[in-house]
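Q: I'd like a close look at one part of this model. Keep it brisk, and give the cut-offs as you go.
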Amino acid sequence: NWHLEQMKERTVLKLKGEQCAEFLQGLVTNDIKILNSQKAMYAMFLNIRGRILFDTIIYKTDCTNTFFLECDKACLGDVERHLKQYKVRRKIDISSSENSVWAIFKPNIQGDHDFKIELSEKCIICPDPRLSELGYRAIVPQDADLVNVAAEGKETDFKMFRYKLGIPEGKEEFPIGKCFPLEMNCDYLNGVSFNKGCYIGQELTARTYHTGVVRKRLMPLEFQSVPENVSLDDPIIDSSNLKSSTIGKLRGIIGNLGLGLMRVSETLSSTNLKLGNISTKCSKPPWWPAE
């Protein structure tokens, strides 16, 4: 069954102006030219030290030189300030839009990927640009009806689904200025172009990619029981040997599922992972490319 869920933590900015594409090209990790052949593109805004500021999905609209930029509601002011800081004298109009963001997904991944959902012409609907398993993303204006032929999900269904797959989203899981794009699997999720020209934070990202070594990556965690009194950045311990060692840290938690920034090779060879006293399972997501 397809589920339909409003992403209440996400919001949409509208960017309009002849120099929009060129402006965004210098700010995000992905290549804006992708939008010549698809409706949406996943990307990161980085700081000059190559760390992630915000995650975004950028949508092409039917209006010329107009883009929708989806971001975390909690970062909206920061995203606007960041854009305005680099806009300088370019004639680009940056405004908040009255659109809502929806996910249309299949919690049980098996099965065909065809379905019908009736949307007014004002909506944008397209495959989630990160991963086909995530289904579809829809940008819906306030005055458009979403005719729902999908099952209404509970409010946290999509988040649980993302956690099972090991996919981060938003400020909580991308703390501003703390994470590197390759460690957060942005390269595996179609969020980084290594062939485009310069953008802010490119140097370190390109260097890491070309040296070919990303030792730590975000991975899905499953806890034997629901952890209590844990905080983000709590250590994940490998107790396989006599001497325990920290091989990761907690980056997100919902119920008995989590996301951890893990040392990949040590994690995959560990037979006894723990968060506090709780036994923890961590596996390589099936959507990661084969090494």
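Is C186 buried or exposed, and what is its relative accessible area?

A: C186 is buried, with a relative accessible area of 0%. Buried means under 20% relative accessible area, exposed means over 50%, and partly exposed lies in between, with a 1.4 Å probe and protein chains only.

First, the ground rules. This is a predicted model, in which local features need pLDDT of at least 70, side-chain atom pairs count only at pLDDT 80 or more, and totals for chains, interfaces and linings use all residues. Residues are numbered from 1 along each chain as its sequence is written, and side-chain values use heavy atoms, leaving out hydrogens and water.

Now the sulfur. The closest cysteine sulfur to that of C186 belongs to C179, 8.7 Å away, which is too far for a bond. A disulfide is a pair of cysteine sulfur atoms within 2.5 Å. The structure holds 0 disulfides. C126 is in none either, and its nearest cysteine sulfur, in C123, is 12 Å away. C126 is buried too, at 3% relative accessible area.

Next, the residues on either side. N185 lies in the loop between α3 and α4. Helices are DSSP runs of H or I, at least four residues long; strands are runs of E, at least two long; both are numbered from the N terminus. N185 is buried, with a relative accessible area of 0%. Its phi is positive, about 65°, although N185 is not a glycine. Most residues other than glycine have a negative phi.

D187 sits in the loop between α3 and α4 (202-211). At 19% relative accessibility, D187 still counts as buried. Beyond four places in sequence, D187 touches P181, L182, V192, F194 and R217. Contact here means heavy atoms within 4.5 Å. T205 is 18 residues from D187 in sequence, and their C-alpha atoms are 10.0 Å apart.

Y188 belongs to the loop between α3 and α4 as well. Its relative accessibility is 18%, which counts as buried. With neighbours within four places left aside, Y188 is in contact with R217, W287, W288, P289 and E291. The C-alpha of Y188 is 31 Å from that of E228, 40 residues along the chain.

The helix before this loop deserves a look. Helix α3 covers residues 157-165, and its buried residues are D157, F158, F161, R162, Y163 and L165. These pack against β1 (3-6), β7 (99-105), β10 (136-141), β13 (216-223), β15 (245-254) and β16 (257-263). G166 follows α3 and has a positive phi, near 85°.

For contrast, take N229. It is found in the loop between β13 and β14 (235-238). N229 is exposed, with a relative accessible area of 79%. Its phi is near 50°, positive in a residue other than glycine.

Finally, the setting. The protein comes to 5 helices and 18 strands. Of its 291 residues, 51% count as buried. Among contacts between residues at least 6 apart in sequence, 70% join residues at least 24 apart. The C-alpha trace spans about 65 × 45 × 35 Å along its principal axes.
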